[in-house]
Amino acid sequence: MELSENVKESTASPDSAAHPIRKRMLSVSAATFLSRITGFVRDMLIAYGFGTGEMSDLFYIGYRIPNMLRELFAEGTLSSAFIPELTRTLKEDGEERASRLMTAVSLLLCLILLVILVAGEVLAPVLFRILAPGYASSPDTRGVGVALIRLMFPFLLFISFSALAMGALNVQGRFFIPALSPVFFSAGLIVGVFFPSSLTGGHPVYGLALGVLLGGLLQWVVQWGPLGKGRIHFLPSLGMREAWKDAGARKVLRLLLPSIGGLWVTQGNLLIATFFGSLMLSGTISALYYAMRLVQFPLGLIGAAIATVLLPVLSRQRLESGGAEQSIQTLAEAYRLSLFFMLPATAGLVALGDPLIKLLFEHGSFAARSTVMTREALWGYALGLWSFSGVRILVRVYYAHQDTRFPVWAAFWGLLTNLALSAALYRSIGILALAAGISVGSLVNQTIIFAGLKKYLTKTPWEIFGNTLPVLGASAVLYAGVRLSWQGIASAFPPKGSLWLAGEILPVIFVGLGLYLGITSLIGIREGVSLVREIRKIGKRKSS
């Protein structure tokens, strides 16, 4: 089925079975919106209490490895190996065989993760020296940093089983609960913010680490409950020996191995930023984190939602007659939809970066200096926003064909590009070099992934860029309108507090949205026309 049907046919009911991709993407986006809002509340509380100081940096250094694994699994690396095989098994062999596959993968993965967990606990001092050489020279900061890594490393277990549950639920067409589960992770961290420091040796940052564990546990449990009521469920009678003999489970692990081996490639960009950030001003690592959080809002709301729904669809189309042509149409609509949202999001973040950072984070320990650093990092990240989303979408073609090797190879060249730019420029342009290096590396990664699509789609799908130029032009108008509007309002009515600032930012955002939607619908961009039509229908329903 074409994704275009889900965008164009605005007259259909949101619950219509004729539009499963659109319905599911909206469901995922709604859940992701809630999780992002909860995440911002979490980050605002952390920023208020810790700012961008030494303790904040140490927390994010210690959090880097489990968070890197969380982002890895959220982007579907585990699911990319698991979902296509589970989809095939469910379709060809039935529910009982699919449940056996899920159980076997869970048992074998548990064994592997326990080995990794023990190694991580033992090698924590080495990991800290590699990640943050700038902080490793001080015994005090080194001690706190190593303790934080050890405290948070077990998070790997919870998030891995959470990813398996997400994959099994997605195969059954259930997307809302998996997309909502990060809300519970954020809730755990919020509890950690208020954890009494008297119980953590006087270091409040240890409370945050315990909150990470609590959040991971909650995110896992909230998905395994619904999973037990579905067609695919855990079989407690299956033993480890039977799991090892399961051919499907071994196949999933074989597909997963290149991804695990490429872990330091696909997520190594963040490690590079952490490494060089530890050699710069105190607070650099924290500022990079807060800037990425702003970028991840539209990325998770749109890019990740599209990619999440896309993989099961492409996996099914691969098994059907004429699947290559269907996949091209689906991919083109998904990518164009991503561009329609990501390019204006880039323009908006660059135009309103400074007031947004002040509104969300500049409270308590988060000072004006922190805002300046975060704004520079945001500029570098925002330029790569469309590419971050594009990589997530294009790589689904490879995962649907159970090819996990080529994406790692493509990501490796992106990593080398980032490393070269960061090493060459971090002394001269500072934090901007670290963020921009990741964006340029993502562009290189996406270019290589796009060039290789012909292997599975019979031709190079140039049609995915069909709306790029008009959307880019409309985004430029949005930037100019937002920038001029903000400068006019802020100069005429200087903000006098958070509520005042929010009251000035909101109308500027609506001005930008109005300009963008008006232009894209006027010049006939399909996504813009459809969205404006949908807004009008909602307005008519409310007025009737």
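## Overall picture

Of this protein's 544 residues, 56% count as buried (under 20% relative accessible area with a 1.4 Å probe, protein chains only; exposed is over 50%, and partly exposed is in between). This is a predicted model, where local features need pLDDT of at least 70 and side-chain atom pairs count only at pLDDT 80 or more, while totals for chains, interfaces and linings use all residues. Residues are numbered from 1 along each chain as its sequence is written, and side-chain values use heavy atoms, leaving out hydrogens and water.

You'll find 26 helices and 0 strands here (DSSP runs numbered from the N terminus: H or I of at least four residues for helices, E of at least two for strands). Contacts mean heavy atoms within 4.5 Å; among those with a separation of 6 or more, 82% link residues 24 or more positions apart.

## Inside: the cores

The largest nonpolar core has 149 residues, and F59, F128, L331 and F361 touch the most other members. A core here is a set of buried Ala, Val, Leu, Ile, Met, Phe, Trp, Tyr and Cys residues joined through side-chain atoms within 4.5 Å.

Skipping neighbours within four places in sequence, F59 contacts L148, M152, L189, V205, L208, A209 and V212. There's also a second, separate core of 8 residues, including A31, L180, V183 and V309.

F176 sits in helix α10 (residues 176-180). This Phe is partly exposed, at 34% relative accessible area.
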